[in-house]
Amino acid sequence: MSMSARDKFGLALIAVALIALPFVLASAGTAWVRITNFAVLFVLLSLGLNIVVGFAGLLDLGYVAFFAVGAYVYALLASPHFGLHLPFWVILPIGATVACVAGVILGAPTLRLRGDYLAIVTLGFGEIVRIFMNNLSSPVNLTNGPKGINRIDPFQIGPLNFSASDTIGTLVFSGPIKYYYFLLLVLLAVIVINRRLQDSRIGRAWVAIREDEIAARASGINTRNIKLLAFAMGASFGGIAGGMFAAIQGFVSPESFVLNESIMVLAMVVLGGMGNIWGVIAGAMLLSFVPELLRYTVEPVQRALFGKLLVDPEVLRMLVFGAALVLTMRFRPAGLWPETRHRREMSENRA
Amino acid sequence: MNTVLLEASGIGKRFGGVQALKDVSLTIKSGEIYGLIGPNGAGKTTLFNVFTGLYPRDCGEVQFAGAALDLASPHAVAAAGIARTFQNIRLFANMTALENVMVGRHVRTRAGVFSAILRTRAERTEEAAIRRRAEELLHYVGIADRADDLARQLSYGDQRRLEIARALATDPKLLALDEPAAGMNATETTALRSLIEGLRRDGLTVLLIEHDVKLVMGLCDRVAVLDYGEKIAEDVPEAVRANPKVIEAYLGASAA
């Protein structure tokens, strides 16, 4: 595992770029830092879903449910809604645990299902969670229904408040910039965890189940437990991402957790390359940033060309999404940056 | 030698209107190669799937290594010490040969999610041991040079060997091979035969389903014959070959 000097230099360069990035973005407007933060959140979600879909091969269309669970756990424990204001480092693990339990509850009845059937059941589960959030406002007001929960506490570490700006020398650390660094740390941890899981006994068992469940069982893998583990791990990541989403946004409502979001995260995983951590990250970044770039370019371009707005950027977004997926499936069916084994499989088929 | 390893009694299995297995009892002794033959559709593979927990049985008991075998779950059967291969090779096609065998070590190792995330010393030691054992087994079955190739890229004969290596990785007491010579050419069959003989020399008990009667008769210590789900003979190969019921089952009544 030794790195060459060139690798080390490259890594250092990337690190410096990532550290400097928010300030560069901030000079173009704080909005871009926020956009980046949401992109990183989506990367976290994609990496979580990648465990379930990419490693274990279980098609999950309701993944946003765990994101929702994490977000609501944070919202309920750190907002005036119940008057609770726990610190984030207490809530995030709670959110991960609750999401993990939700993952097991979803996983348990679906263990015998595969492929399309599994997708349909998980899709239903995702919707059930959202509808629960929408309706749990009476008789006891748990979630405040469709109105959602607002005035959620930002992260606070000692005197460091993540919603306010701090100035050190000439550098202005705005709230989003602080969240950016925090997200970067979490992302780093999640990447390390993913890689280690992939190269472990459990990771091999996941892939074995994806490849041939019967052979996996006959080889002594307790497929029930190992599948539940995949659901639980994936859900935990979703829960943590959800908690951070609630804090960054300061507001959650059921609207944020619609089926579209599940599909979006799945698209990121598939587009990037199922099973390959770097591919998934690339896919998530791409699908997060391209719509934003469109939002900022489509309107001025149209106004300059036609003098008025003809196509709404939001419409284009879905068009680009669909086109990207269709093209990927046609030309790079294993994703833009596939897992090594998939890539070998594809190149071999072509030969 | 000659202690009973597996004793099945009164195994029955029905698929709808078809009685696939009817009151099958057999005894496999430690260290022997036990052949299971019979015409197509006689229930050989069904019996295999019952023994390895893939099909639930309707009735009957199996004693294995002195204890009742839990036939409800395949992984428990593997843990108890029965490993199998499949008639239609079932490898993890997009994993390397080495990884395939490493998966077989799953049941004998324990590292969980947390020790993997923390990369504890115990986990690293275990991983290294898994890898070493898998490499040994690839060497044992003679495909060490294909370790980093995907299972799907191996030749047919090598895939059969890889499946055996994966089964051996579970440290079985009984290795059950479902038609290992099916589709093999003469050279591959000869090589397979010496591999199975090597397994016996190393003290493993083998249960062998095979169509290649020559291979079975030459290799097995004892042979059982199934016909329409019933055991019609169980004896040393020469006696089985001379058994009129067996001849009838294979060639029809007029030949007997």
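D158(B) counts as buried, at 18% relative accessibility, where the cut-off for buried is under 20%. The model is a predicted one, with ipTM 0.93 and pTM 0.91. For chain B the mean pLDDT is 92, and 98% of the residues reach 70 or more.

**Surroundings of D158(B)**

- Helix α6 of chain B, residues 156-168, contains D158(B).
- Beyond its neighbours within four places in sequence, D158(B) is in contact with I143(B) and R146(B).

**Four-stranded sheet of chain B**

- Four strands of chain B form an open sheet in the order β2-β1-β4-β5, and their pairing is antiparallel.
- The edges are held by β2 (18-29) and β5 (67-68) of chain B; each has a single partner strand, so one side of each lacks a neighbour in the sheet.
- Five bridges join β1 (residues 4-15) and β4 (residues 59-64) of chain B in the antiparallel sense.
- Within this sheet, S9(B) is opposite E61(B) of β4(B), and L6(B) has F64(B) in β4(B) as its bridge partner.
- The antiparallel pairing of β4(B) with β5(B) rests on two bridges, and F64(B) has A67(B) as its bridge partner in β5(B).
- Two residues separate the strands in the hairpin of β4(B) and β5(B), where A65(B) has a positive phi near 50°.
- Helix α1 of chain B (residues 44-51) lies across β1, β2 and β4 of chain B, and its direction is at about 65° to β2(B).

**Six-stranded sheet of chain B**

- A second open sheet in chain B has six strands in the order β6-β7-β8-β3-β9-β10, with mixed pairing.
- At its edges stand β6 (82-84) and β10 (230-235) of chain B, each with a single partner strand, so one side of each has no neighbour in the sheet.
- From one strand to the next, the twist averages 20°.
- β9(B) pairs with β10(B) in the antiparallel sense over five bridges, and L226(B) has K231(B) in β10(B) as its bridge partner.
- Helix α7 of chain B (residues 186-201) packs on this sheet and touches β3 (33-37), β7 (174-178) and β8 (205-209) of chain B, making about 150° with the direction of β8(B).
- Helix α10(B) lies across β3, β9 and β10 of chain B, at about 130° to β10(B).

**Ends of helix α10(B)**

- The N-terminal end of α10 of chain B (residues 244-251) is capped by N243(B), which has a side-chain oxygen 2.9 Å from the backbone nitrogen of K245(B).
- G252(B) follows α10(B) and has a positive phi, near 95°.

- R222(B) belongs to strand β9 of chain B, residues 222-227.
- With a relative accessible area of 15%, R222(B) is buried.
- The side chains of R222(B) and E32(B) make a polar contact at 2.8 Å.
- Apart from neighbours within four places in sequence, the contacts of R222(B) include T27(B), I28(B), K29(B), I33(B), Y34(B) and G35(B), along with E234(B), D235(B), V236(B) and P237(B).
- I232(B) is ten residues from R222(B) in sequence, and their C-alpha atoms are 14 Å apart.

**Nonpolar cores**

- The largest nonpolar core has 100 residues, and Y74(A), F155(A) and W206(A) touch the most other members.
- Helix α3 of chain A (residues 64-77) gives the largest share of this core, 13 residues.
- Another core, of 45 residues, lies apart from the largest one; among its members are L138(B), L175(B), L199(B) and I232(B).

Definitions and conventions: Residues numbered from 1 in each chain as written. Chains lettered and ligands numbered in written order. Predicted model: local features only at pLDDT ≥ 70, side-chain atom pairs only at ≥ 80, totals over all residues. Heavy atoms only, no water. pLDDT = per-residue confidence, 0-100. Pairing = 2+ DSSP bridges. Contact = heavy atoms within 4.5 Å. Axes fitted to C-alpha atoms, helices over the stretch in contact; angles between N-to-C directions. Buried < 20%, exposed > 50% of the residue type's maximum accessible area, 1.4 Å probe, protein only. Polar contact = N/O pair within 3.5 Å; in protein donor to acceptor, adjacent residues only side chain to side chain. Core = buried A, V, L, I, M, F, W, Y, C linked by side-chain atoms within 4.5 Å.
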